[in-house]
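Please open the model in your viewer and keep the selection tool at hand. The tour goes from stop to stop, saying at each one what to select and what is to be found there.

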Amino acid sequence: MTRFALSFAPLVPAALLGVLAAAAVAVVILGLLGRRRGTLLRGLGLALMILALADPSLVREDRRGEKDVVAVVIDQSGSQTIGERAAQTAKARAALTRDLAALGNVEPRFIESGRSDAENDGTRLFSALSSGLADVPPERVAGVLMVTDGVVDDIPPDPAALGFKAPLQVLVTGHAGERDRRVELVEAPRFGIVGKDQTISLRVLDTDDRGEPVAVTVRRDGVEVARRQARVGERIDVPVRVDHAGPNVVEVDVPTIPGELTALNNKAVVTIDGVRDKLKVLLVSGEPHAGERMWRNILKSDANVDLVHFTILRPPEKQDGTPINELALIAFPTGELFGSKIGDFDLIIFDRYSNQSILPYAYFENIARYVRNGGALLMAVGPDYSGPDGLYYSPLGAIAPVRPDGRVIETPFRPRVTADGEKHPVTRGLAGSDADPPAWSLWFRQVDGDATKGMPVMSGAEGRPLVVLSREGKGRVAQMLSDQIWLWARGFEDGGPYLDLTRRLAHWLMKEPDLEEEALRATARGRDIAIERQSVKGITAPVTVTAPSGATSSVDLAAAEPGLSRGTVRTDELGLYRLTDGTNSVLLNVGPENPREFQEVVSTTEKLRPLAEATGGSARRIGTGDGDAIAMPRLVAMHEAPSYSGSDYIGIKRTDSSTVAGIGLLPLGVGGIGLLALLGSTVLAWVAEGRGFRRRGGGSL
């Protein structure tokens, strides 16, 4: 195909060319007013001169026709997997491939939307369309065909935002009259104070509300905590107690209904990260000693700790019968602290306390009861523990994990992590523990005793238990059988990991999930679940993974570190997974907690209809009956028209686009042609003027 066009490349500035043209027009007008012969021929000469200065050229373009580009956007989002939609989509794609090939001179471009984006941001077909046509000039786009369920989250506000002028034809999968029930979270907290209630606001939505109340079940970490009745569309508020630090997985679900599209959105998941408010710690210091202030300094350095320090400054040997109320500068509320308020403390620490009749036995009984009901007790003892006034011979002896044998070992030794301690989160990986001997300073005194319960995680002189951890009822007890840890704090012989050790002890006592010695943990990394089994017993039983759909699989774990086994499993579904090894269980949500893609799943033609019709296209269903059968409209190619669709057909627009294959240029203002035209007009003007002169009787000079 060849096209011709005229182009100009002025030899002088355009402004000067305009001035010359104006002057030429003035000369012609004056000549005409003066009735001078040859004025028009002189004007023709001036025009040809100005035209020559404009440097006109005749351009010949040899053009090659281009195929029309038709984008076919295939919705691959999660909602397209519901029911028969995937099969309908596959059939529609095959039909479009065949019909586009039959049209001829069409380049089909199939664009698939990604599922990963849909999980977080919903279905974004127009973003995929823009990326897929990024290298196509707008004038080559002949149309866009979309195969989707119609639930699209990035619909442009008007056709101009598409960037091309071509019809949009929407082919909607699914069936008319679909029904779905879902839970919608209105407000959901992300954090909560341990022991406090957090309110979750929600509503139940149903596309076919029949006025019946719906049962709403709320579970925390798999245990039912509430059950409510709600009407469709009604907002309800459900208080949920934040039970522990770390993730508290809350499930809200409603029962499925017959003929429902999917049960995936019948459940909503909220993960509330439990954080502790001010940790209330009661520190009871006995007789003065070199390490007394170490515990206070450690606890006061943490802004999250609210410390109450009860200190006895008189050593035991100074018992002279002075009344207790005359020893203190101010009255200390021991009755309140160890009575009515004892349950308010997260941790109680006894530091070298011996039974000095300062605290009645009833208070020790309260402490033992506090531990059995879920409290935490740390006993850092010295030589006093082995004597008759030691804590073991008080009511606390019933919960103490070590029974003293009356001997105090006074010899230099380096604390060591025991074989069980290498597996325990409290002592595993302590800095310097991997050296032999450990790379920390000596201690010089230890109370000897037998561990009657619990687990020794560190040993001291003669390999005897040094740090013992024990569970008592619902609570926990830790015992350190030496008062020499202050040597590490003061940097003696480069010290030792006293901060790590004491903080881990305190957090284990307060049931920090990351420090549990027997635990199953899981972490979502994209579509992979990383499983970790913590066990001081060396348990590596297979883990059963239950998917949201109820499908189960088994994962074998491999030893990774002392006390740790790990494994990984690939998932195909979004939602809440349950993992168990028969003893421990854990819940894990894979993907967004409430994927936007599944919040609205009923197929519709109405969302895309306004945009499609504004481009001259249409939005129509292709599903027929209840199966995967489809009815595809005819596909036709049309020249530009106000509408590209009818009751039984959809159309694309022929663009007649082409690209330049070659160019020829013929200058008209210079060379032989220009010179001939210019000289011819000049000669004609001279001849005309000469004839006029002779008629007026003029002669030769």
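Which residue in S30 is the bridge partner of Ala559? Before you look, keep in mind that this is a predicted model. Now select residues 558-561, which make up strand S29, together with residues 564-570, which make up strand S30; the two strands run antiparallel and are joined by 3 bridges. The bridge partner of Ala559 turns out to be Ser565. Between S29 and S30 there are 2 residues, and the two strands form a hairpin; if you click on Gly563 in the turn, you are looking at a residue with a positive phi of about 85°.

Next, turn to a sheet. Select its 8 strands, which follow one another in the order S16-S15-S17-S18-S24-S23-S22-S20 and form an open sheet with mixed pairing. At the edges you will find strand S16 (305-311) and strand S20 (416-417), each of which pairs on one side only. Strands of a sheet pair through backbone hydrogen bonds, either parallel or antiparallel. For a parallel example, select strand S17 (residues 347-351) and strand S18 (residues 376-380), which are paired over 4 bridges, and pick out Ile349, whose bridge partner in S18 is Leu378.

Helix H8 (residues 361-372) lies across S17, S18, strand S23 (465-472) and strand S24 (475-480), and runs at about 135° to S17. Helix H11 also packs on the sheet, where it touches S17, S18, strand S22 (455-459), S23 and S24, and its direction makes about 155° with that of S24.

To see the contact itself, show the side chains of Met294, Trp295 and Ile298 in H6, which meet Tyr498, Leu499 and Thr502 in H11. Sorted by class, this contact has 5 nonpolar residues, 1 polar residue and no charged ones.

A search of the whole structure finds 1 cavity of 30 Å³ or more, and the largest cavity holds about 30 Å³ of space. Select His289, Gly291, Trp295, Asp351, Ala380, Ser482, Asp483 and Ile485 to show the residues that line the largest cavity; by class, the lining divides into 3 nonpolar, 3 polar and 2 charged residues.

Technical notes:
Residues are numbered from 1 along each chain as its sequence is written. This is a predicted model: local features need pLDDT of at least 70, side-chain atom pairs count only at pLDDT 80 or more; totals for chains, interfaces and linings use all residues. Side-chain values use heavy atoms; hydrogens and water are left out. Contact means heavy atoms within 4.5 Å. Ala, Val, Leu, Ile, Met, Phe, Trp, Tyr, Cys and Pro count as nonpolar, Asp, Glu, Lys and Arg as charged, and the others, Gly among them, as polar. Two strands pair if DSSP finds at least two bridges between them. Axes are lines fitted to C-alpha atoms, for helices over the stretch in contact, and angles run from 0 to 180 degrees between N-to-C directions. On a 1 Å grid over the protein atoms alone, a cavity is a set of points where a 1.4 Å probe fits but cannot get out, and a pocket is an open set with protein on both sides within 12 Å along at least five of seven lines; lining residues have an atom within 4 Å of a point. Grid points are joined across faces, edges and corners, and a volume is the space filled by probe spheres set on the points.
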